[in-house]
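Walk through this model with the sequence at hand.

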Amino acid sequence: MIKAVLFDLYGTLLHHPRGHRVYSTLAIQRRDASPRSLLDQAMTGSYATLAEFAASIEVPWHEDLEILERSLEADVAEIEPFYDAAPTLQSL
């Protein structure tokens with residue numbers, strides 16, 4: 001009996017056609033920290049908004065970040081399931 005199945009966003013069930021790399025753009029604004037560690041934090045933390053993540057890594061919110069927020073919203077709107085995602089999940 002299968003008890004759990006884990007999938008990630010990129011290339012497993014969902015296709016993300018474009019992507020603005022919003023979190024990478026935000027992470028490199030912290031010049032005194034490793035962007036990779038900040039991205040790991042973004043992927044494993046519980047942040048409801050980009051503003052919450054920015055605050056957690058001590059990047060002040062400003063107008064450019066509002067542009068990033070809109071870019072993130074556009075990215076999320078473009079995510080689509082792969083054609084075989086539903087049949088795959090139904091077979092589990």
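**Rings, a loop and a patch**

Tyr23, Tyr47 and Phe53 form one aromatic cluster. This is a predicted model: local features need pLDDT of at least 70, side-chain atom pairs count only at pLDDT 80 or more, and totals for chains, interfaces and linings use all residues. Residues are numbered from 1 along each chain as its sequence is written, and side-chain values use heavy atoms, with hydrogens and water left out.

Searching the whole structure gives two aromatic pairs. Tyr47 and Phe53 make an edge-to-face pair, because their ring centres are 5.3 Å apart and their planes meet at 70°. Rings of Phe, Tyr and Trp (its six-membered ring) pair if their centres lie within 6.5 Å; planes under 30 degrees apart count as stacked, over 60 as edge-to-face and the rest as tilted. Phe53 is buried, at 0% relative accessible area. Tyr47 is partly exposed, at 25%. Buried means under 20% relative accessible area, exposed over 50%, and partly exposed in between (1.4 Å probe, protein chains only).

Next comes the loop between helix H3 (50–56) and helix H4 (63–78), where Ile57 sits. Helices (H or I, at least four residues) and strands (E, at least two) are DSSP runs, numbered from the N terminus. Is Ile57 buried or exposed? Ile57 has 2% relative accessibility, so it counts as buried. Beyond its neighbours within four places in sequence, Ile57 is in contact (heavy atoms within 4.5 Å) with Leu26, Ala27, Arg30, Leu38 and Gln41.

Glu58 counts as exposed, at 63% relative accessibility. Its phi is positive, about 60°, although Glu58 is not a glycine.

Now move to His16, in the loop between strand E1 (14–15) and helix H1 (22–27). His16 is buried, with 18% relative accessible area. A polar atom of the His16 side chain lies 3.4 Å from the backbone oxygen of Asp75.

Finish on the surface. Which residues form a nonpolar patch there? They are Ile2, Val5, Phe7, Leu89 and Leu92, with about 440 Å² of accessible area together. Leu92 is in the segment after helix H5 (85–91).

Terms used: Patches are made of residues with over 30% relative accessible area and no salt bridge: like charges are joined within 9 Å, nonpolar side chains (Val, Leu, Ile, Met, Phe, Trp, Tyr) within 5 Å. Accessible areas come from the Shrake-Rupley method with a 1.4 Å probe; for residues, only the protein chains shown count as cover. A salt bridge is a side-chain nitrogen of Lys or Arg within 4 Å of a carboxyl oxygen of Asp or Glu. A polar contact is a pair of N or O atoms within 3.5 Å; within protein, one must be able to donate a hydrogen and the other to accept it, and residues adjacent in sequence count only if both atoms are side-chain atoms.
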